[in-house]
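Here are some notes for a colleague who has not seen this structure before. Please read them with the sequence and the model open.

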Amino acid sequence: MAFLTLNNIQKSFGPVQVVHNFNMGINKGEFVSFLGPSGCGKTTILRMIAGFEAPSGGSIVIDGKDQGALKPNQRNIGMVFQAYALFPNMNVHDNVAFGLKVAGAQKTEIDQRVKQMLGLIKLEHLADRFPYQLSGGQQQRVALARALAVKPQVLLLDEPLSALDAKIRVSLREEIRQIQQQLGITTVFVTHDQEEALSISDRIVVMNAGHADQIGTPFEIYNTPATRFVASFVGTLNIIEGKVADPASGAVTIGGQRISLKEPVAGLKGGDSISLALRPEAGSIAEGARGDTALIGEVVATSFLGSVIRTKLRVGNDIISFDTFNDPGLTPPVSGENVTLRFAAKDLLVIRE
Amino acid sequence: MKAQRLGAWIAIAIGAGYFIIPLLGTLEFSLRMRRGQYSFDAYQSVFSDIQFRETFGYSMMMAFLTIIFGMLLVVPTAYWVRLRLPQVRPVVEFITLLPLVIPAIVIVFGYLRLYNSSSILPLTGSTSGTNALLMFSYMTLSLPYMYRAVDTATRAIDVRTLTEAAESLGAKWPTILFRCIFPNVMSGVLSGSFITFAIVMGEFTMAALLNRPAFGPYLQLVGANKAYEPSALAVIAFAITWLSMGLIQLVSRFQKSAPAKA
């Protein structure tokens, strides 16, 4: 049985419903990321778990206990905010000790725990500093230590890396994941950054307009997106518009060229439009490239990105981007040249709306 | 360009002269009590007057109580309005501005009608009741300044997120208010307090009509009956006001040194 269960959660602000019948179970020790654009409802779900918002319907159960009647200060949930939210009047030690003091812990116990937490985030030497004397990354690590000091049953992270610069973001997300695994704490992480979500999560929930479009491992989300939204939001993806030629055999036409999908097309008839998705790294124009499917197109642009060369190919009315590793022995294609793009039929995914 | 700058300096000199010359005159006059030489006789006379000490002490105590109760009223109100009821903020701002547009004499007559000895709440029926009424009236007078100072200070911190952070760590409302919010709006509270102090120390209308032995009526009494002492008292009153303003500056400078880094 799941440790944290969200049963048919709904939330409306006035006439606007921002979360629609959301269901999910999160296992103990699991790291789950809610990924989606602004306004998709991900933060609202997090705030409902924390108790800052009351669900309009449904229930939240943690370790078998319904949280509906509990106030935020009764839930034993650690939360890290985007804006750090360290208490400006307290130094690092007192910030981390705050929850323990509120809980009435003994001074020796508090000091020991604070030392342990500051050791965990490697900031023991900054215990006497005030928040304004710390960098953004340091403040967020202190906020993490403060949230963990009270040994919460669930850790909630509300876009904790958004306010940091790119380099710090990468190192801190790795640190967060390492600490989470070390403590085995059930964690819910909200982000709009797909790379962040893909790199540190056990599972990802892709949110779209208050619905969970897909729940799956980073591998599943990236390789087999369930909807057009997931496909376009996670990673770079070519959306190719085609026509069904023969549903039974999975034959479709793209720009007048007939190819076969890996399986029959269900629910569509001959002549219907169909949306297909292809990852940029799935295709190649190199001689001897593997792939049971081929499309001929005209090169419209080539971008040199260092280790990768991105080529844009026009096939019918669609522009297909694909990436190939930079090989100094090969000459990149030039605009106007006709080339054959090869890929495996299994990499061409049918996208539902 | 030079002519413009000269004009500006002349304007400043005229303005400063308009303010400083009477003050210097008052100071000079207050030192002329002894015939033919400057002395502090007028100040000595003022400080040795038992009524001065009584009224000054009374007003100090009233100022202190006004600040305490004003803080207890204004800080939670400003906090709550910012956190939970942002939509009523214009209403609260309007209410807090009313004491600026309603003359003190109108307010005190209203109080006398509402709280006279034959009313349901006869505050004026006893000394302690009248003292309480005077303190509440001082709170009303200082409300525009106190509320604005505290509201500005709450605007400088992320009240909502700090509250939620404290709540998620198990804190209840009194802990959140007194340990997480109050210390972070202290600069605003202190600024409001010093203004309140200056207002209470010089207030005349309320204290006179409620017949309480405050410093304001004493100033008026001395002014009507003595020659040099009123000037000395005026200088003392200015010194108190300036001290309060200086402390406000000091407190706000102290606060500026502690912004959170991004």
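1. The model is predicted. Chain A holds eight helices and 19 strands. Along the principal axes, its C-alpha atoms fill a box of roughly 75 × 50 × 35 Å. Of the 353 residues in chain A, 39% are buried. If one takes the contacts in chain A between residues at least 6 apart in sequence, 65% of them join residues at least 24 apart.

2. The four-strand sheet. One open sheet of chain A has four strands in the order 2-1-4-5, and the pairing is antiparallel. Strand 2 (16-26) and strand 5 (65-66) of chain A are the edge strands, each pairing on one side only.

3. Pairings within that sheet. Strand 1 of chain A is joined to strand 2 of chain A by seven bridges, the two running antiparallel. Here Leu4(A) has Ile26(A) in strand 2 as its bridge partner. Strand 1 of chain A is also joined to strand 4 of chain A, antiparallel again, by five bridges. Strand 4 (residues 57-62) and strand 5 of chain A pair in the antiparallel sense over two bridges, and Val61(A) stands opposite Asp66(A) of strand 5.

4. The hairpin. Strand 1 and strand 2 of chain A form a hairpin with two residues between the strands. In this hairpin Gly14(A) takes a positive phi near 65 degrees.

5. The six-strand sheet. A further open sheet of chain A has six strands in the order 6-7-8-3-9-10, with mixed pairing. Which strands stand at its edges? They are strand 6 (77-80) and strand 10 (211-216) of chain A; each has a single partner strand, so one side of each is left without a neighbour in the sheet. From one strand to the next, the twist averages 15 degrees.

6. Strand 3 (residues 31-35) and strand 8 (residues 186-191) of chain A pair in the parallel sense, over five bridges. Ser33(A) has Phe189(A) in strand 8 as its bridge partner. Helix 4 (residues 136-149) of chain A packs on this sheet and touches strand 6 and strand 7 (154-158). The direction of helix 4 makes about 175 degrees with that of strand 6 of chain A.

7. Helix 2. Is helix 2 of chain A enclosed or exposed? Eight of its 11 residues are buried, so helix 2 is largely enclosed by the rest of the structure. The buried residues of helix 2 are Val92(A), His93(A), Asn95(A), Val96(A), Ala97(A), Phe98(A), Gly99(A) and Leu100(A). These buried residues pack against helix 3 (107-120) and helix 4 of chain A. After helix 2 comes Gly104(A), which has a positive phi near 80 degrees.

8. Most residues other than glycine have a negative phi. Asn8(A) is not a glycine, yet its phi is positive, at about 50 degrees. Asn8(A) is found in strand 1 (residues 4-13) of chain A. It counts as exposed because it has 12 C-beta neighbours inside 10 Å.

9. A second such residue. Lys151(A), also not a glycine, has a positive phi of about 50 degrees. Lys151(A) lies in the loop between helix 4 and strand 7 of chain A. With 13 other C-beta atoms within 10 Å, Lys151(A) is partly exposed.

Note on methods: Residues numbered from 1 in each chain as written. Chains lettered and ligands numbered in written order. Predicted model: local features only at pLDDT ≥ 70, side-chain atom pairs only at ≥ 80, totals over all residues. Pairing = 2+ DSSP bridges. Axes fitted to C-alpha atoms, helices over the stretch in contact; angles between N-to-C directions. Contact = placed C-beta atoms within 7 Å. Buried ≥ 20, exposed ≤ 12 C-beta atoms within 10 Å, placed from the backbone.
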